[in-house]
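Please look through the following report on one protein model, which goes from a ligand and its surroundings to the sheets and a hairpin.

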Amino acid sequence: MSETPTPRRFTASGPLRGTMRVPGDKSISHRSLMLGALAIGKTTITGLLEGEDVLATAAAMRAMGATIERGDDGTWTVHGVGVGGLLQPAQALDMGNSGTSTRLLMGVVASHGITASFTGDASLSARPMGRVIEPLSQMGAQFTPSPGGTLPLMMRGCLPAVPITCRLPVASAQVKSAILLAGLNTPGITTVIEPVATRDHSERMLKGFGARLEVEEAEGADGPERIIRIHGDADLVAQDIVVPGDPSSAAFFIVAALIVPGSDLRIENVGLNPTRAGLIDVLREMGGQIDLLNPREVGGEPVADLRVRHSQLHGITVDPALAPSMIDEFPVLFVAASVATGQTVTSGLDELRVKESDRLSVMATALRAIGASVEEREDGLVITGTGGTPLAGGGPVTTHLDHRIAMSMAIAGLASTNGVSVDDTAPIATSFPTFEKMLLERAS
Ligand code: S3P
């Protein structure tokens with residue numbers, strides 16, 4: 001991302017209309033590159049998200065020996081080195097803003113006999129890594145993190161690593177995936193127990209690449225849980241992958257169309273994996289008119305086209321059990337709640353405090369600055385909406401190197417009287433480099 005902040009003002013827009021597509025899913029894009037690099041043979045990837053986070057993963061896999069190229073038609077090819085075949089990188093791996101790259105790659109390195117250093121930007125260097133350091137240390141990897149268990153960090157993988165059984169202490173697909181990836185090159189069976197289901201792209205894709213992986217739904221002491229077992233010493237086989245559109249990117253346009261009067265927008269090819277689609281259920285419960293058209297499967301993932309029409313939303317109490325299936329969508333849900341009728345209550349969102357920014361505090365501050373009524377609680381926000389009246393607007397609001405804050409506040413600007421100034425739009429390039437161009441095209 002650009003070192004110099006790029007401020008911008010987003011003003012009230014006309015209706016969002018027409019048909020659009022959002023770029024490829026970020027989670028699936030990271031995993032395509034990683035698994036392609038660990039497979040034998042040539043993997044092709046169509047629809048890869050070319051955002052900075054994913055490019056950081058590509059650079060890291062290249063630095064560890066994989067050959068990764070982009071063709072002129074936008075198709076990416078990965079020539080993998082095979083599980084266990086990664087080389088020691090000659091330089092520190094610069095992860096930029098990307099928590100997913102960092103945590104998943106720490107898992108990959110953990111069962112290779114190599115040393116690697118991980119660095120990142122100010123946001124990433126403040127994020128907790130203890131959650132992956134702990135299980136990966138049990139598998140035998142050694143870590144020298146910065147004080148507080150953060151980046152910059154040096155680690156030494158362990159060959160052979162030791163299989164573990166880990167019950168996830170936090171609902172985190174990144175932690176789950178790090179352990180499963182480490183398990184690929186570990187003898188025996190590595191087991192992850194998830195008390196709360198998180199996005200399951202790793203499980204689907206590991207199976208797709210030929211790993212032996214079993215998922216069991218079981219009754220635990222505190223309710224249902226998922227037990228995921230991966231068999232080690234795996235051989236992965238190269239695949240042809242088609243990446244569906246990212247529901248977390250579509251979310252900004254879904255909310256924009258719902259809150260800007262007169263909108264009727266079609267968003268094609270949106271990934272609707274049930275572990276990701278919570279926002280749609282919540283927005284429909286709030287009265288949002290969202291139709292799912294032409295449901296189908298793309299690359300082993302459920303996908304549909306969405307038709308979204310302007311709707312007067314009403315506040316609800318959001319079931320905290322839905323949080324993992326919409327964990328990245330809360331900032332933009334808070335924007336929708338700010339112009340809904342009545343109160344929206346969210347809870348169980350402690351994890352939002354350790355994302356690219358503290359998304360509870362940063363969104364509360366930003367929304368208040370543009371005239372919204374927000375109460376910040378320990379684990380959620382309570383928002384009293386305007387009932388459809390535009391927010392006053394203002395700013396500049398501070399995004400703290402967080403792409404989803406910048407995009408959410410841009411959408412808030414569309415439904416404001418005076419526009420919303422965002423202090424820095426540069427972080428948007430980490431996940432959705434074409435966001436502003438697409439917004440200009442749709443909202444004129
Ligand atoms: C991701 C998992 C989530 C999510 C992130 C992407 C992934 O993080 O917020 O944007 O690709 O596994 P956590 O595992 O920290 O919840």
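A polar contact is a pair of N or O atoms within 3.5 Å; within protein, one atom must be able to donate a hydrogen and the other to accept it, and residues adjacent in sequence count only if both atoms are side-chain atoms. The model is a predicted one, in which local features need pLDDT of at least 70 and side-chain atom pairs count only at pLDDT 80 or more, while totals for chains, interfaces and linings use all residues. Residues are numbered from 1 along each chain as its sequence is written, and side-chain values use heavy atoms, with hydrogens and water left out.

| Residue | Atom in the residue | Distance from a ligand oxygen |
|---|---|---|
| Alanine 173 | polar backbone atom | 3.0 Å |
| Aspartate 328 | N or O atom in the side chain | 2.7 Å |
| Lysine 355 | N or O atom in the side chain | 2.7 Å |

Aspartate 328 also carries an annotation, since an unreviewed UniProt entry places the feature "active site" at Asp328; UniProt positions are given in the numbering used here, feature names are shortened, and annotations may be inferred rather than shown by experiment. Helices (H or I, at least four residues) and strands (E, at least two) are DSSP runs, numbered from the N terminus, and aspartate 328 is found in the loop between strand S19 (301–309) and helix H9 (330–338). Is aspartate 328 buried or exposed? Aspartate 328 is buried, because its relative accessible area is 12%, where buried means under 20%, exposed over 50% and partly exposed in between, with a 1.4 Å probe and protein chains only. Leaving aside neighbours within four places in sequence, aspartate 328 is in contact (heavy atoms within 4.5 Å) with Arg199, Ser248, Lys355, Arg359 and Arg404, and a polar contact of 3.4 Å joins its side chain to that of arginine 199.

## Two open sheets

Two strands pair if DSSP finds at least two bridges between them. An open sheet of four strands has the order S2-S17-S19-S18, with mixed pairing. Strand S2 (17–21) and strand S18 (289–298) stand at its edges, each with a single partner strand, so one side of each is left without a neighbour in the sheet. S2 pairs with strand S17 (residues 264–271) in the parallel sense over five bridges, and glycine 18 has leucine 265 in S17 as its bridge partner. Helix H12 (residues 435–442) packs on this sheet, touching S2 and S17, and its direction makes about 160 degrees with that of S2; axes are lines fitted to C-alpha atoms, for helices over the stretch in contact, and angles run from 0 to 180 degrees between N-to-C directions.

Another open sheet of four strands, also with mixed pairing, has the order S7-S8-S10-S9. Here strand S8 (residues 115–119) and strand S10 (residues 150–156) run antiparallel and are joined by four bridges, with phenylalanine 118 opposite leucine 153 in S10.

## A hairpin

Strand S5 (residues 67–70) pairs with S6 in the antiparallel sense over four bridges, and threonine 67 stands opposite histidine 79 in S6. S5 and S6 form a hairpin with five residues between them, and glycine 74 in the turn has a positive phi of about 90 degrees. Strand S6 (residues 76–79) is also joined by four bridges to strand S4 (residues 42–46), and these two run antiparallel.
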